[in-house]
Amino acid sequence: MTEHDSLPPDRRDADSLPPDERDAGAPPDADAGGSGDDVPDAGTTGEGTPSASPGGSMSGAPAEAGPAADPGTSSEGATAEGTPLLSVEHLRMLFPIKAGLLVDRQVGQVHAVDDVSFALYEGETLGIVGESGCGKTTLIRVLVRLLDATSGAIRFRGRDITRSGRRELAPIRREMQMVFQDPQASLNPRKRVGQILATPLRLRGVPREQVARESRELLQRVGMAGDVLNRFPHEFSGGQRQRIGIARALAVDPRLILLDEPVSALDVSIQAQVINLLDELQDEFRLSYVFVAHDLSVVRHVSDRIVVMYLGKLMEVSPAEQLYSKPIHPYTQALLGAIPIPDPRVNRSRQRAVISGEPPNPINPPSGCRFHTRCPHATEVCRTIEPPLTEYAGGHLAACHHPQNVTAGEVAAATRSDQSPLSAGAEGPSLIAAGDGRETSATAPVQR
Amino acid sequence: MSVISGQSPGQGPGELGEGFDAGFESEGQLPPGVGPWKLAWRRLRRNRVAMFFGFVFLLIVVVCLLAPVYSTDIAHIGPNYGNPTGTFTLNGKTQFVLSQIGIPIGPTWDIHHYFLGADDQGRDVAVRLLYGGRTSLMIGAVATLITMIIGTLLGVFAGYFRGWWDAILRSANDVVWTYPAVLLGITIGTVLNIHGIGPLHGTNALVPAVVIGFVYVPYVFRPVRGQVLTLRERDFVDAARQQGLSHWRIMTSEILPNLSSTIVVFVPLIMANSILLEAGLTYLGAGVQPPNASWGTMISDGINNDIPTAFHNVLIPGLMLVIAVMSINIFGDGLRDALDPRSKIRVAR
């Protein structure tokens, strides 16, 4: 408790800045238990930086931690109760394709994100994986309102921000930050590090005299020397630049950070460092992450839950470990089969679900299930009816008519999730599978 | 205590400008990093040729600025003082400014008396050359200033907002671009000379400056707009947008600094072209109006009156023009190479 009182006043004020954050922060959701566990730890490992635990400054969090504590939820994630931090409802982002001699006329649409729904709870890390061009980055950009969604809703703490103007968004943007893929491109080459960090610090309301000090602390917090404020981005290595990018995101003291392939531009050894840093920061500042990647092993390490996307649609949403031990969707199986295994003998002996070809053109996505053109299990029903997201036991969702790795009993017990796309068929795989007869007990051995 | 500054309502993003680079120098920081400007200066300094011609141009500017000193204290004659019947003493001998048949005296190489000779009206060519240089350089500078400001403003605006504004501005600039610069300059210059807008009328030397500045706007607008179009898609602009900075702040603090080297590169190139266009327009009668001196008027007068008898009256201002323009251009090329070794910026024509 005492360490919360010893917080620098400006940090604490910044915490209480957005009025609705206080309200939302008060009801103890499941992760408040986590803060009870983590805060003392953060206090000791914080290397004496006084700003080490601003997340804990949600007043009274430790007091409420006891009854709400349920350490299991932080790993299982999906079962967290209360208003989600971020929820997405039937979000669509269609890019019009225009052509015409004098007057542009719309000749088609790129279905970048097509009816996607999910929720993210406080303290959780949601991984988003998928091939290149499946809409991951577009989704992130829509979420931070760099792009305006075609339809659907984005809610932050239950508040619809899909159409909010710049002024309305300002407090929300302070809670929701983004880290970009290419650390070189995301830092202005004409600005010194100090200037890059000063912008968000001033946005947070840090007085001018303290900007330099806070910048130094931020840099130290992301594992850099604090004495480089005079330097330009080109004077740093890729990993250091990404740390600066993370520091910039942290500067406004956010609750949620959306990471757009934050490590894919870095060396493998640096990747590990940055991911560990993100892990530490999450514990320390009670951050939630949306972590986009195409590298499944990276996502596995950081995520509580994982969303698998294909051609703008959700294929599978699953608690992280379950996705790897028990992939339900054939596409997920194929993705897992593509993970390289260092040991060549193990690699040769494993059974891989291989899919061939390129993803279809998102301008004319396939009818029915988007994956049916490449799916080894596809049948007639896949071509005609879009499968709804079906909820299996343990918060495991998959959109497939021919679910893998599930028993007939599990299929029978599964229900249609309300996160299903609006255009999806009403019937879950139980009915279809029964009618089909072939895949009813689709209990193929786990393919890993 | 708890509400120090975080919630003060006036804390809009627009008011953040002042404090951004406050106090980094303090408290145990490493020495400042080597920024783009410093790197460019190092490269430029290594370019001996560019530095030499930069120095030549600087010399021309300084000497021309000292024209009044030369006129009053050394030559004791004004730039527009015609003295066709006058005489002066050179090395103990009496000389006529104009000979009996009206041929002006050639260069005497005596800085007190008609150093570079006289023109057909008995005016001191050296004094007129310096005053003319002042006018020409002033017109070049003002025209460049106008071009750069308007071209950059419109270019950033059009490139950043795109859409209708972009379409309108682009079309307007294309119209100006399509006209030959000299033809457009003559048209506007003549109209302004005759009718005038406010102070811009008659023999005011601002008339050609404004005309030339206007004519060259598309030469800056187009590349600036193009660069803004690519800059606005860069991640760091998205990062600024994502943090909720206003359009104005993004344009001034994210995009403009990245345009600065382009803008700086354009300054000498546009200036050289402006000085040349001034001479051209003046020769055609739409630029600087007599009796004011400029390199253009001197060449024009010389060609009309002195070619057979005193060709130095054409040669000398022409030579000055060539040297000045050439040194700006060579220096500008060096500057371009120093600021962005990869860039291919050229001003056509």
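This is a predicted model: local features need pLDDT of at least 70, side-chain atom pairs count only at pLDDT 80 or more; totals for chains, interfaces and linings use all residues.
This briefing walks through some sheets, helices and packed residues of the structure above. Chain A holds an open sheet of 9 strands with mixed pairing and an open sheet of 4 strands with antiparallel pairing. In chain B, we will look at how helix α4 crosses helix α10.

- Strands of a sheet pair through backbone hydrogen bonds, and the pairing can be parallel or antiparallel.

**Strand β3(A) and its two partners**

- On one side, β3 (residues 125-129) of chain A runs parallel to β9 (residues 305-310) of chain A, and 4 bridges join them.
- Within that pairing, Val129(A) has Val308(A) of β9(A) opposite.
- β3(A) also pairs with β8 (residues 288-293) of chain A, again in the parallel sense, over 5 bridges.
- Here Gly127(A) faces Phe291(A) of β8(A) from the opposite position.
- How enclosed is β3(A) by the rest of the structure? Largely so, because 5 of its 5 residues are buried.
- Thr125(A), Gly127(A) and Val129(A) point one way from the strand, while Leu126(A) and Ile128(A) point the other way, and all are buried.

**The four-stranded sheet of chain A**

- The strand order in this sheet is β2-β1-β4-β5.
- Its edge strands are β2 (105-120) and β5 (159-160) of chain A, each pairing on one side only.
- Inside the sheet, β1 (residues 86-99) and β4 (residues 151-156) of chain A pair in the antiparallel sense over 5 bridges.
- Val88(A) stands opposite Ile154(A) of β4(A).
- Helix α7 (residues 136-143) of chain A packs on this sheet and touches β1, β2 and β4 of chain A. The direction of α7 makes about 75° with that of β2(A).

**A helix crossing in chain B**

- The axes of α4 (residues 125-161) and α10 (residues 247-283) of chain B come within 8 Å and cross at roughly 145°.
- The crossing of α4(B) past α10(B) is right-handed.
- Residues of α4(B) in this contact include Ile139(B), Ala143(B), Met148(B) and Val156(B), and those of α10(B) include Ile255(B), Phe266(B), Ile270(B) and Glu278(B).
- By type, the contact residues divide into 15 nonpolar, 6 polar and 1 charged.

**The largest nonpolar core**

- Which residues of the 184 in this core touch the most other members? They are Leu258(A) and Val290(A).
- The largest share of the core, 15 residues, comes from α10(B).
- Setting aside neighbours within four places in sequence, Leu258(A) is in contact with Ile140(A), Leu143(A), Val144(A), Met176(A), Met178(A) and Val290(A).

**An exposed helix residue**

- Asn347(A) belongs to helix α16 (residues 344-349) of chain A.
- Is Asn347(A) buried or exposed? Asn347(A) is exposed, because it has 12 other C-beta atoms within 10 Å, and a residue counts as exposed at 12 or fewer.
- Between Asn347(A) and Gly337(A) there is a C-alpha to C-alpha distance of 9.8 Å, and the two are 10 residues apart in sequence.

Key:
Residues are numbered from 1 along each chain as its sequence is written. Chains are lettered from A and ligands numbered from 1 in the order in which they are written. Two strands pair if DSSP finds at least two bridges between them. Helices (H or I, at least four residues) and strands (E, at least two) are DSSP runs, numbered from the N terminus. Axes are lines fitted to C-alpha atoms, for helices over the stretch in contact, and angles run from 0 to 180 degrees between N-to-C directions. A crossing is left-handed if the near helix is turned anticlockwise from the far one by less than a right angle, and right-handed if clockwise. Two residues are in contact if their C-beta atoms, placed from the backbone, lie within 7 Å. Ala, Val, Leu, Ile, Met, Phe, Trp, Tyr, Cys and Pro count as nonpolar, Asp, Glu, Lys and Arg as charged, and the others, Gly among them, as polar. A nonpolar core is a set of buried Ala, Val, Leu, Ile, Met, Phe, Trp, Tyr and Cys residues joined through C-beta atoms within 7 Å. A residue is buried if 20 or more other C-beta atoms lie within 10 Å of its own, exposed if 12 or fewer, and partly exposed in between; C-beta atoms are placed from the backbone.
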